[in-house]
Each structure stands twice: as C-alpha cells, then as structure tokens.
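Hello,

Here is the structure we talked about. Please open it first, then read the notes below.

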Amino acid sequence: MPSRASLRMALVQMNPVVGDLRENASRMLEASERARVLGADVAVFPELAITGYPPEDLLLRPRFLQDVAAEIERVAAGARGIDLVIGAPLATGAGVINAALLLRDGRVRAQYAKHRLPNYSVFDERRYFHPGTEAVVPEIAGLRVALTVCEDIWRPEPTALAAAAGAELVLNLNASPYHRGKTAEREAVVRARVQETGRPVVYLNSVGGQDELVFDGRSFVVAADGAVQPLLPAWVAGLAVIDVERAGDGVLRIREQAVELEHPHPDSLVWGDDEEGAAAEPAVVDPEALDMYRAIMVGIRDYVRKNGFSGVLLGLSGGIDSSLTAALAVDALGPDAVEAVMMPYRYTASMSIDDARQTASWLGIDYRELAIEPMVEAFRAGLRESFPDQNQNPGDVTEQNLQSRCRGVVLMALSNRTGKLLLATGNKSEMAVGYATLYGDMAGGFAPLRDVTKQWVYRLARMRNGISRVIPERVITRPPSAELAPDQQDVDNLPPYPVLDEILEAFVEQESSVDEIVARGFDRETVERIAHMVFLAEFKRRQAAPGVRVSARAFGRDRRYPITSGYREGRRGEQPHSQEES
C-alpha cells in the first residue's frame, strides 16, 4: 500500500499511581479521546503506564496480572478511532513480559517484549520479567514504527534489530527515574542510537513520584541528524502532539504541533509575602539546584497525595535541615497543608527559637511551640534507679537521645491526632554516619532530604532564598548544631561537612576504597573513621523513613549492605558491630 506523508502522534507524559489499575486506565482513555480530538493517529503512553512503575512484587500475584489484562481489554475496547501504544505487564506462555502493546479496533494488534531487563541500581526487572528477543515494527498511519521499552535504548542491539526489520522511526517507552545529571546521559545515549541506525527516536518518559523514586518526564525527540527536540517539560504531566512527515528525500521530519499540560509548571516559588520575605534583589538561580529542589517537591507532593494524607507535620528547630524541609513542603503542598512544631529544651539557643518563628512566618504555616523539659525530666526521674550516675553525666549520649526521643513522641502524637504525615528532616550525611537518633529525630513517615548531603542542603537553601527569602540568613551561616548539650557543634563529632561529604561521595556513591580516598589527599585516620561509621550505621538506615532519590547512588534500594557483617575497611581487629549511639 502507498505510504502516507505523515503520522500524527500524541505523546502522553503520564503520572500513574502504582497499583491503581482502574484509575490509570481511565486516565489513559481520557487522554486518548483528547488525542483523537486533536487529530492524532496514535496516542502513546509510558512504560508500565497501566500499573505504574515499579509495581514490584505485585507482579508475583496472579490475580494482579488478571486484573491488568482486564483493564487492557477495557482500554482497547474504549478507544475508538485512534490507535494506542501502551506500556503494561503481560502474562505469556514464556513468562510475564514488560510489554509495549499496540491497540487497534478493540484488540491487541502487536506486542513487544522488552529485551534488556535492568538489574542494577534501583532496578530488579529480572526478578519479574522474561526478556524478549524479536523486533516488533508495526505500521501506523503508513509509517513503520519500532516499539522499544526503556533500557532497550541504552544498548545498541535492540534498535539495530529494529532498523534491520525495516523500522523508519523508533518509539521508546520509559519509566526512567531522575538523578542529578540524568538528562545529559539520556540524550547522549539516544543520539548514539540515532547515529548508529539513522532512525529518529521518540523518547517518552513518565513523570511523578513513587516512594523514593521520582520521574522527571522531559520527553523529547532526536531527529535523524542528531538534533534534540524537547517536547514536554520536567515535573509536569501533559500531552504533546507531533507530526512525523516524510520529506521528498525520504528523511523523516518531526514537528511539534501542540502541548497541553495538566497544571502550570511550578516556575514560580513565591512564598514570603512581605518586604522582609522578598529576596533583596533578583539573583541568577542555580539551575542544577533548582532541578533537584523540584525533584524533592514532586516526591513530597506525590507521596502525600497518592497515600491520602491531608498534609504534613515537622519539627522546626531553627536549623538548616528543618527550615529547608519546611520550605520544600510549602512549595509542594501550599502553606495550609504544613504544620511546624518547635520543641525547645534548656540547650536550645534563643536565636534558634527566633529563627524558627521567622521561617514559619515567612512561609505562612501553622506553628506552635511545645517545651519538652517536663517530659525529659519525667523520663530522667523514672530512670534514676537504673542510671544512678546520670547527674554526673548530664551530656552523655543517653541523655541527648532522651531529648530527641521526647521530641519524636510529641511529633508522632500530633501526627496520630491530626492524620498528617510526619516528615523526618535528616540529611544524607547524617544517615551515612549514623549521626541521628533512632525513634527520635529519625521518626517520620517520609524523609525529603534523605539523599541530600549537607553541602547540597546549603546549596538548595541558598538557591531557594534567591527566589524569595524563606530561610533567615543566620540559619544558613551559623555553625550547625544538634543543640542536645551545652555549646555543642556538629564538628565536635564529625569532620567539617565539606570534608565529610567529599569522603562520603567517594566511599558511598563511587564505592572507592579507603586507600583510594587517602590517595586523593585525605587524612587516613579520618577516612578510616568515616568508613567505619558508615558500616556501623546500616542498622539505622534500614529503619529510616523512605526519601526522595536524587543522586545516582542513594541509600535504600540503590545500596543494599548487610546489617550483620564483620567486614571493615582499614580498621581490622575491631569489634565488628556496635549500636552504642542509637
């Protein structure tokens, strides 16, 4: 049959809810109808859009797969006058596949099984899926379009196979999570596939938060000449319509025709509603920090929204971590959904109280102060017989942890009473070395800064204040302190954060050895001590709240170390484990 001159394609950058099959399918049908009205020949949805990504062990439940199949049938039957390409798991005789399905006239007309199943970092798809081996290149509106899924584009073989099967255009469905630097990595990979095959690639990604993962969208096209054409922005769901046209020389030209977003892009972060709250003068915004900030916002917003919480609650200490967490929560949810509690004790500096009040005022959030002195003293009295020397050791770790745990009890009680999600405010540097109290400042259901090192905390705070001032400058410039003992500073127990974070980046994110880090110029005793602390703190991290992954190597599903382990680098002969500072 003669080929048509063009294919109109609607790309739906979707934010599904994992496991909400009925709602996800209904949203796909709504988007398909809108695409049909806009004249599209085909509407395309991301990887596993019908289930959300990653569905994890839901895929091991036969009933779940049966329900998925029923929703695929409903979507196929409901979409008339337009083809659909959707991502879904599909049970086959060979096993469950991570599929791209072409739906046409109420039926599945073609099915492609993802070839490359990632089993590294946050991915463990070999646990669930059977890999495909064949190219699938159906004709859509006169063009031969190859179906591929996510990791297939990161290796040359699947696209080469598709080109050999006659593909003129490669369509790649993705659920590709964000981390710093991921955008450049994706574009470089897709350009390499285009250069190898001469075929343009349409890259469609998911958007939104799912537990610790956030998907940034940023769907794009790479033309046959390697030029990258952005189609949909980061961090917002929407629909883009493109025309793929065959020119007289046979080369495919891709032109954007329309973009519709579900809600405005969050370009304006404007809380701070008086002259004091406004930034002193316009600043050049740090783009990398702004992107990470939005990633964490999306993670908070979707964790709260998808889990049905009415809002969030946090302890606001007047320090940098809790102040930044409060700003992120307000930017994600609005001030009416955020409540903050300052819980002073005898070691709390008056400027910390003042700064907490100022931050709450600038952000416009509900704020209260609850002194914990009576609670701490009640615990001390109850433990007097067990700790007869407590008056001689008023600042030891046990006494400090009592303060932190009293604050955790207060916050959990308020969370229980209000139904609001408690946000833990600790950062990655603290989690790495265990500089946190179990059942104290670690209490909470979600930890927005869990994958944000202390240096990045400062960078994000400065970036945010450059838009509109929401954190008092003194919070950013004063030496950090847990304020659990007289005149306490973090450097009493840890190296300065610039040193600590560089060591942690090498040891945790790059898996460098102690010897390799020392060779970079760091003091051996310091490196060995930090490495030892990282190993010892694994038991705390296993009990910590989930948080937004923004680095290429986060604690949690990214980095899985045993709790009980005798292995230590650089400190041979020591006790293999200790939980003395829990």
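**Around Glu 151**

Glu 151 is in contact with Lys 114, Arg 116, Pro 118 and Tyr 120, leaving aside its neighbours within four places in sequence; contact means heavy atoms within 4.5 Å. Glu 151 is placed in the loop between strand 7 (143–149) and helix 3 (156–164). Helices (H or I, at least four residues) and strands (E, at least two) are DSSP runs, numbered from the N terminus. Glu 151 counts as buried, at 6% relative accessibility. Buried means under 20% relative accessible area, exposed over 50%, and partly exposed in between (1.4 Å probe, protein chains only).

Before you go further, two notes on the model. It is predicted: local features need pLDDT of at least 70, side-chain atom pairs count only at pLDDT 80 or more, and totals for chains, interfaces and linings use all residues. Residues are numbered from 1 along each chain as its sequence is written, and side-chain values use heavy atoms, with hydrogens and water left out.

**Aromatic pairs**

A search of the whole structure finds 10 aromatic pairs. One of them is Tyr 120 with Phe 123: the ring centres are 5.6 Å apart and the planes stand at 70°, so this pair is edge-to-face. Rings of Phe, Tyr and Trp (its six-membered ring) pair if their centres lie within 6.5 Å; planes under 30 degrees apart count as stacked, over 60 as edge-to-face and the rest as tilted. Tyr 120 is partly exposed, at 40% relative accessibility. Phe 123 is buried, at 12% relative accessible area.

Phe 535 and Tyr 567 are also edge-to-face, because their ring centres are 6.0 Å apart with the planes at 90°. Phe 535 lies in helix 15 (residues 524–536) and Tyr 567 in the segment after helix 16 (538–542), so the pair ties together parts 32 residues apart in sequence. Phe 535 is buried, with a relative accessible area of 12%. Phe 507, Phe 535, Tyr 561 and Tyr 567 form one aromatic cluster.

The charged end of Lys 428 sits over the ring of Phe 555, 5.8 Å from its centre. The test is NZ of Lys or CZ of Arg within 6 Å of the ring centre and within 35 degrees of the ring normal.

**Strand 9 and its partners**

In a regular strand the side chains alternate between the two faces of the sheet. Strand 9 (residues 201–204) is covered on both faces: Val 201 and Tyr 203 are buried on one side, Val 202 and Leu 204 on the other. Strand 8 (residues 169–173) runs parallel to strand 9, joined by four bridges. Two strands pair if DSSP finds at least two bridges between them. Tyr 203 in strand 9 is the bridge partner of Asn 172. Strand 12 (residues 220–222) runs antiparallel to strand 9, with three bridges. There, Val 221 is the bridge partner of Val 202.

Strand 8, helix 4 (residues 182–197) and strand 9 make a right-handed β-α-β unit. Right-handed means that, with the strands pointing away from the viewer, the path from the first strand over the helix to the second runs clockwise.

An open sheet of four strands has the order 18-17-16-19, with parallel pairing. Strand 18 (366–369) and strand 19 (421–422) are the edge strands, each pairing on one side only. Strand 17 (residues 338–342) and strand 18 run parallel, joined by four bridges. Ala 340 stands opposite Tyr 367 in strand 18.

Most residues other than glycine have a negative phi, and most peptide bonds are trans. A cis peptide bond joins Tyr 53 and Pro 54, with omega about -5°. Pro 54 is placed in the loop between strand 2 (42–44) and helix 2 (62–78). Glu 56 is in the loop between strand 2 and helix 2. Glu 56 has a positive phi of about 50°, although it is not a glycine. Glu 56 is partly exposed, at 30% relative accessible area.

Asp 487 also has a positive phi, about 55°, and is not a glycine. Asp 487 is placed in the loop between helix 12 (473–477) and helix 13 (497–509). Asp 487 counts as exposed, at 77% relative accessibility.

Best wishes
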